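Please look at the sequence and the structure first.

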Amino acid sequence: MTLTNQIGIFGTSGMAREAGDIAWALGLEPIYVARDEAELQAWSFSAQVVVEQDVEQYSDMPFVIGIGENYIRRAVAERFKDSLQFINLIHPSATFGCGQRDMIERCKGTIVAAGARFTSGIAVGDFCIFNQNITVAHDCLVDSYVHMAPGANLSGNVHLKQGSWVGAGAVVNQGSNSEKRVVGENTMVGSGAVVIKDCEANAVYAGVPAKRIK
Ligand SMILES: CC(C)(COP(=O)(O)OP(=O)(O)OC[C@H]1O[C@@H](n2cnc3c(N)ncnc32)[C@H](O)[C@@H]1OP(=O)(O)O)[C@@H](O)C(=O)NCCC(=O)NCCS
């Protein structure tokens, strides 16, 4: 276990800075990781930023990946999984049903933002982003590399497959104990959508009720 109060955050975008805000709320000092020299030069905030090729010099620090795009977050995770220690970053205002905080603590690299709520019987994978004010209801399964954007809501018995994205304010209606409502691998659900049927993999859904648009 590291003794530093610093945390490395991959990314320099808005999502990275929002992860930085969670770090500050936990008394940790974020050090951002720019992809390359150009991204480093473009940084205009006061916090420290280093470039990715030097990141292994900081291997005594814990890391998270503050990159919203699931496939980029996954690529970074795979690049550094053996050389860096990834932790979970959980905002103190997130709330959990019985045993659910421990369940999230067993993940690796998962970020839970302010106001998120997890109820009961939920299982979550690694390197997910649960953004501000999302809700995840009972008996949901969320695979790795998923992003729930601010205010998105999962009703009970939903399965978000690996790499899927639920847009801001979208709702996924409930499945059942015997058959979860599924959002397929790498599928994107648009902001404000209401998903009432399973969503195929590698697709884009939008609208109320949500329909496949791509
Ligand atoms: C659904 C989404 C993924 C589609 O993005 P895209 O593939 O670039 O699609 P386009 O912008 O080309 O739009 C395609 C069509 O879908 C419509 N559309 C786009 N987003 C929509 C939405 N959220 N709800 C309803 N219709 C939508 C567009 O009006 C367009 O319709 P048209 O063909 O009749 O003109 C995107 O608009 C979206 O909602 N992303 C999530 C944003 C979000 O949650 N941000 C939070 C960041 S943390």
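This is a predicted model: local features need pLDDT of at least 70, side-chain atom pairs count only at pLDDT 80 or more; totals for chains, interfaces and linings use all residues.

Residues are numbered from 1 along each chain as its sequence is written, and side-chain values use heavy atoms, with hydrogens and water left out.

The protein chain is divided into domain 1 (6-87) and domain 2 (90-205), with bounds that come from an automatic or database domain assignment. Their centres, taken over C-alpha atoms, are 23 Å apart. To the contact (heavy atoms within 4.5 Å), domain 1 gives 18 residues and domain 2 gives 21 residues.

Between them the domains bury about 1,500 Å², with 63% of it on carbon and sulfur atoms; buried area is the accessible area (1.4 Å probe) that two parts lose on being put together, summed over both. Ile22, Asn70 and Arg73 supply 34% of the area that domain 1 buries against domain 2, more than any other three residues.

Around the ligand there are 13 residues, of which Gly167, Ala168, Gly190, Ser191 and Lys214 come nearest; a residue is counted if one of its heavy atoms lies within 4 Å.

| Residue | Atom of the residue | Distance |
|---|---|---|
| Ala168 | polar backbone atom | 2.7 Å |
| Ser191 | backbone N or O atom | 2.9 Å |
| Lys214 | side-chain N or O atom | 2.8 Å |

Terms used:
A polar contact is a pair of N or O atoms within 3.5 Å; within protein, one must be able to donate a hydrogen and the other to accept it, and residues adjacent in sequence count only if both atoms are side-chain atoms.
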